[in-house]
Amino acid sequence: MTVRIVPFARIREIVGNAVLERTLAGGARARDAFAALAADFPQLAELERSTRFVRGDAFVTADTELHDGDELGLLPPFGGG
Amino acid sequence: MRYDIVDEPLEIEPLIAAVRGPGAGALVTFVGYVRERADDGRPVDGLSYEAHRDLALAELRAIGTEAAQRFDGAVVAIAHRVGVLGLGEAAVAIAVGSAHRGAAFDACEYAIDELKRRVPIWKKERYVDGGERWRENA
């Protein structure tokens, strides 16, 4: 299956603005999408534990199973206020 | 109740207007500004904020609803700026109306604490010496 990855803030600066698609095995979870990206961008490793995931307009956990065509947002730690 | 993510300079007055009412005997506001030094003392030239806009608005709404439930029906309005900000510009503004001051102070503190913790907004500090750095809330 293919998922589209939408990076934000610091993660976007690391991976660039290109549309990111990754082909993952069936049953892959949000954390697997992150790992697939981190394999290409080693600087992401330090953000592995702190990154939050969003699918559509809702937060999901790293354990959430993905589906073909999903759009997965990667959110580094927040800094509002 | 009013929740905004805005590109233009923030104004507190529309937020105050949104939470005032015949039952609001108390009104508390909080405004966070861009200050001239980072936590480590490094001189700051300005900040840039960006947000996951839809999710940020949903989270602000949730915080306002929780504040009303926890603090005696307090009415909350929150606006956060995004884009490039200079020194002294307002980054976040909160107004809370409530029957009595205790609930208004508590709800205002709850709103800013929860905003910093869970609303998807990111801040990059730009320094006078030319460097820049993403800053995360603790």
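Predicted model: local features only at pLDDT ≥ 70, side-chain atom pairs only at ≥ 80, totals over all residues.

Student: How many helices and strands does chain A have in total?

Tutor: Chain A comes to two helices and five strands. Along its principal axes, the C-alpha trace of chain A spans about 35 × 25 × 20 Å.

Student: How compact is chain A for its length?

Tutor: Here we set the radius of gyration beside a rule for globules. For chain A the radius is 12 Å, close to the 12 Å that the globule rule gives for 81 residues, so chain A is as compact as a globular protein of that length.

Student: What share of the contacts in chain A join residues at least 24 apart?

Tutor: Count contacts between residues at least 6 apart in sequence; in chain A, 53% of these join residues at least 24 apart.

Student: Now salt bridges, please. How many are there over all chains?

Tutor: The rule gives 20 salt bridges over all chains. What we look for is a side-chain nitrogen of Lys or Arg within 4 Å of a carboxyl oxygen of Asp or Glu. Take A:R4 and A:E71, whose closest N and O atoms are 2.5 Å apart. A:R4 lies in strand 1 and A:E71 in strand 5 of chain A, so the pair ties together parts that are 67 residues apart in sequence. A:R4 is partly exposed at 32% relative accessibility, and A:E71 is partly exposed too, at 41%.

Student: Which residue forms a salt bridge with A:E46?

Tutor: That partner is A:R10, with the closest N and O atoms 2.3 Å apart. A:E46 sits in the loop between helix 2 and strand 3 of chain A, and A:R10 in helix 1, so this pair ties together parts that are 36 residues apart in sequence. With 60% relative accessibility, A:E46 counts as exposed. In chain B you can look at B:R2 and B:D4, which form a salt bridge at 2.8 Å between the closest N and O atoms. B:R2 is partly exposed, at 35% relative accessibility.

Student: Which residues are joined into one network by salt bridges that share partners?

Tutor: The network consists of B:E59, B:E66, B:E114, B:R117 and B:R118. Let's zoom in on B:R118, which is found in helix 3 of chain B.

Student: Is B:R118 buried or exposed?

Tutor: Buried means under 20% relative accessible area. B:R118 has 12%, so it counts as buried. Its side chain makes polar contacts with the side chains of B:E59 (2.9 Å) and B:E66 (2.8 Å). The residues that B:R118 touches, not counting those up to four places away in sequence, include A:F59 and A:F78 as well as B:A62, B:I63 and B:Y110.

Student: That brings in both chains. How many residues does each chain give to the contact?

Tutor: Chain B gives 21 residues and chain A gives 16. The area buried between the two chains is about 1,600 Å², with carbon and sulfur atoms giving 58% of that area. On the chain B side, B:L55, B:W122 and B:W134 supply 35% of the area that chain B buries against chain A, more than any other three residues.

Student: What about polar links across the interface of chain B and chain A? How many salt bridges does the rule find there?

Tutor: Three salt bridges cross it. One of them joins A:R12 and B:E50, whose closest N and O atoms are 2.9 Å apart. Between chain B and chain A, 13 residue pairs are in polar contact. The side of chain B that touches chain A takes at least two residues from each of strand 3, helix 2, helix 3, strand 7 and strand 8. By class, that side has nine nonpolar, three polar and nine charged residues.

Student: One last stop: where is B:V128?

Tutor: B:V128 is in the loop between strand 7 and strand 8 of chain B. At 57% relative accessibility, B:V128 counts as exposed. Not counting residues up to four places away in sequence, B:V128 touches B:P43, B:V44 and B:D45. B:V128 and B:E36 are 92 residues apart in sequence and 9.5 Å apart in space, C-alpha to C-alpha.

Conventions. Residues numbered from 1 in each chain as written. Chains lettered and ligands numbered in written order. Heavy atoms only, no water. Contact = heavy atoms within 4.5 Å. Buried area = accessible area lost by both parts, 1.4 Å probe. Polar contact = N/O pair within 3.5 Å; in protein donor to acceptor, adjacent residues only side chain to side chain. Helix = DSSP H or I, 4+ residues; strand = E, 2+ residues; numbered from the N terminus. Nonpolar A, V, L, I, M, F, W, Y, C, P; charged D, E, K, R; others polar. Rg over C-alpha atoms; globule rule 2.2 N^0.38 Å. Buried < 20%, exposed > 50% of the residue type's maximum accessible area, 1.4 Å probe, protein only.
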